[in-house]
Amino acid sequence: MQLPEKLPRHISIIMDGNGRWAKERGKERAFGHAEGIESVRVITEACAEWGIPYLSLFAFSEENWGRPQEEVDALMKLMFKAVANEYETMMRNNVRFLALGNRGRLDPVLNAAVSHLEEQTAGNTGLTMIVFVSYSGKWDIQQAADRMAAEGGSSIEPYLVTAGIPDPDLIIRTSGEKRISNYLLWQAAYSEFVFTETLWPDFRKDSLLAALEEFASRDRRYGKVK
Ligand code: IPE
Ligand code: IPE
Ligand code: MG
């Protein structure tokens, strides 16, 4: 396995296809979400090992609150379990964990556990792993504009929840969908996109490597002439 020379500083993934993965196996959608957590673990460890500075994952959108209550509950339960279980792996891999989004919509107990994990891993100096939860791009721009107006600021960027984090160089979306689904609308201005048919629970190290190879072959021009 040969890692390309030109690597992204920030990889972001729209983790999609858990429901279809479960359906293919005649199982409940929640079964796909649970297997998706295993992909999160593998991909996070790979990024830590390969020296990628930032990995961000779209885990739950503002719109996802509109799913059946049973599925929302299952997702929140899985998130709680992951937050409780991943501490040791994160410490071992020197991972700093951040959760960004409309955090006030989370159950207060889950939100507190998330904050606790952020505090516990704050001193880690390796990979920064960001989980976008209750996040949407329009929500982010709106909350940034509101806070900027209240404070009399003049530039949006420092008010986005991603302030201080470099924009994603590479955005991967799994499961064959080719849309942004209200993800990082502002921050994706010059991101490279890789779409793969692979469903998120099947997305493992080799799939990430393929996306990195695709990224390395791209010519980024930022509107200029080269
Ligand atoms: C992605 O998988 C996970 C979340 C959006 C929470 P989906 O649940 O969207 O799976 P599909 O797209 O229905 O297969
Ligand atoms: C996008 O997936 C959100 C996450 C992966 C968290 P969705 O499954 O919600 O997107 P749509 O509905 O297919 O656009
Ligand atoms: Mg989906």
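Let me start with a contact: in the side chain of arginine 20, an N or O atom is 2.8 Å from an oxygen atom of ligand 1. Keep in mind that this is a predicted model.

Backbone atoms reach ligand 1 too. At glycine 17, a polar backbone atom is 3.3 Å from an oxygen atom of the ligand. Next, asparagine 18. A backbone N or O atom there lies 3.2 Å from an oxygen atom of ligand 1. How much of ligand 1 does the protein cover? On its own, ligand 1 has 380 Å² of accessible area, and the protein covers 87% of that.

Now the wider surroundings. There are 13 residues around ligand 1. Asp16, Gly19, Arg20, Arg29 and Arg67 come nearest. And where does ligand 1 sit? In the largest pocket.

On to ligand 2. Ligand 2 also sits in the largest pocket. Which residues are around ligand 2? Going through them: Ile14, Met15, Asp16, Phe58, Ala59, Phe60, Asn64, Arg67, Arg173, Arg179 and Ser181. Note Asp16 and Arg67. Both are around ligand 2, and both are among the residues that come nearest to ligand 1.

Serine 181 has an N or O side-chain atom 2.6 Å from an oxygen atom of ligand 2. For asparagine 64, a polar side-chain atom lies 3.0 Å from a ligand 2 oxygen. For aspartate 16, the distance from a side-chain N or O atom to an oxygen atom of ligand 2 is 3.3 Å. As for cover, the protein takes up 78% of the 390 Å² of accessible area that ligand 2 has on its own.

The largest nonpolar core has 40 residues. Which of them have the most contacts inside it? Ile11, Ile13, Ile172 and Leu208. A second, separate core has 13 residues, including Ile14, Phe58, Leu98 and Leu184.

Setting aside neighbours within four places in sequence, leucine 208 is in contact with Ile11, Ile43, Ala46, Cys47, Trp50, Ile172 and Phe203.

Conventions: Residues numbered from 1 in each chain as written. Chains lettered and ligands numbered in written order. Predicted model: local features only at pLDDT ≥ 70, side-chain atom pairs only at ≥ 80, totals over all residues. Heavy atoms only, no water. Core = buried A, V, L, I, M, F, W, Y, C linked by side-chain atoms within 4.5 Å. Buried < 20%, exposed > 50% of the residue type's maximum accessible area, 1.4 Å probe, protein only. Contact = heavy atoms within 4.5 Å. Near = heavy atom within 4 Å. Polar contact = N/O pair within 3.5 Å; in protein donor to acceptor, adjacent residues only side chain to side chain. Areas by Shrake-Rupley, 256 points an atom, 1.4 Å probe, with all protein chains shown as cover. 1 Å grid on protein atoms, 1.4 Å probe; cavity = no way out; pocket = protein on both sides within 12 Å on 5 of 7 lines; lining within 4 Å. Sits in = over half its atoms within 2 Å of the grid points.
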